[in-house]
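Colleague: I would like a close look at one part of this model. Please walk me through it in plain terms.

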Amino acid sequence: MKVVIVEDELAASDNLAYLLHAIDDDIEILKVLDSVKSSVEYFSKPHDLELIFMDIHLADGVSFEIFDRVTLNVPVIFTTAYNKYALKAFKFNSIDYLLKPIDRDELSDALEQFKVQNKQKGITDHQIKDLIDLVGRKTKTYRSTFLVHNRDEMIPLKIEKIAYFRIDTGIVKGITFDNKSYSMDSNLEDIEEELDPELFYRASRQFIINREAIVNIKQYFNGKLIVVVNPVCDKRIVVSKAKAIGFKTWVGS
């Protein structure tokens, strides 16, 4: 099997090459490329490679840019350090990936799957677009701290300490896991834009809740849901029927 590795970290490419040869000494590594530019140059020329291992973040950009500039009609296995939520995009698009640090057994399984399926196709434009969108979301910087009022002073409040945000008598408040309440200077819409959607969910017009604050979810009438949180909220948190499926998917992810 003829393989090309696209990886800008020498230790990572050396480790992958070592594992590949340890699994199958018939594997021939034709080239190790460390940038978008060098990859485009190499893949633009005639080649007889059968499989590509490609890291996502390279020294001069994101590896998806390669597909915008050359046509690759061979299978690609991405190597990535993305977390489990982001990897759902790979699964949804039926794209193979290995999570760093690469495990020998998982690499062996990926090679065996490649041999059995013998995929002679590249990645579609639609798949690449979805992955580019994913990278865009993952590189966005989210708020880590809010400056909140505490009596006659202002204090920095870390995001991970906030169980949920709520509107209480027209005032937006952040409720911490130790059940302290702080008034916020922003409205709930602006706060929602600044929060990591993997950690927080806009459950209703009045509430944004932290995943870690959820105790349980109860069925309500007409397909709605009631969310029980800790610390306990004196107002019922109701998720509408329209948002119920998306909310349950988010909680279960």
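In which sense do β1 and strand β2 (residues 28-33) pair, and over how many bridges?

Modeller: First, the ground rules. This is a predicted model, so local features need pLDDT of at least 70 and side-chain atom pairs count only at pLDDT 80 or more, while totals for chains, interfaces and linings use all residues. Residues are numbered from 1 along each chain as its sequence is written, and side-chain values use heavy atoms, with hydrogens and water left out.

Now the pair. β1 and β2 run in the parallel sense, with 5 bridges between them. Strands are DSSP runs of E, at least two residues long; helices are runs of H or I, at least four; both are numbered from the N terminus. Two strands pair if DSSP finds at least two bridges between them. To get from β1 to β2, the chain passes through helix α1 (residues 10-23), in a right-handed β-α-β crossover. Right-handed means this: with the strands pointing away from the viewer, the path from the first strand over the helix to the second runs clockwise.

Next, follow the chain past β2. Ser 35 sits in the loop between β2 and α2. Ser 35 counts as buried because its relative accessibility is 13%. Buried means under 20% relative accessible area, exposed over 50%, and partly exposed in between (1.4 Å probe, protein chains only). The side chains of Ser 35 and Ser 38 make a polar contact at 2.8 Å. Such a contact is a pair of N or O atoms within 3.5 Å; within protein, one must be able to donate a hydrogen and the other to accept it, and residues adjacent in sequence count only if both atoms are side-chain atoms. Setting aside neighbours within four places in sequence, Ser 35 touches Leu 58 and Asp 60. Contact here means heavy atoms within 4.5 Å.

Last, the core. The largest nonpolar core has 20 residues; among those with the most contacts inside it are Val 6, Phe 43 and Ile 52. A nonpolar core is a set of buried Ala, Val, Leu, Ile, Met, Phe, Trp, Tyr and Cys residues joined through side-chain atoms within 4.5 Å. β1 (2-6), α2 (36-43), β3 (51-55), α3 (65-69) and β6 (76-80) each supply at least two of its residues. The largest share, 3 residues, comes from α2. A second, separate core has 18 residues, including Ile 209 and Val 229. In soluble globular proteins, nonpolar side chains tend to be buried together.
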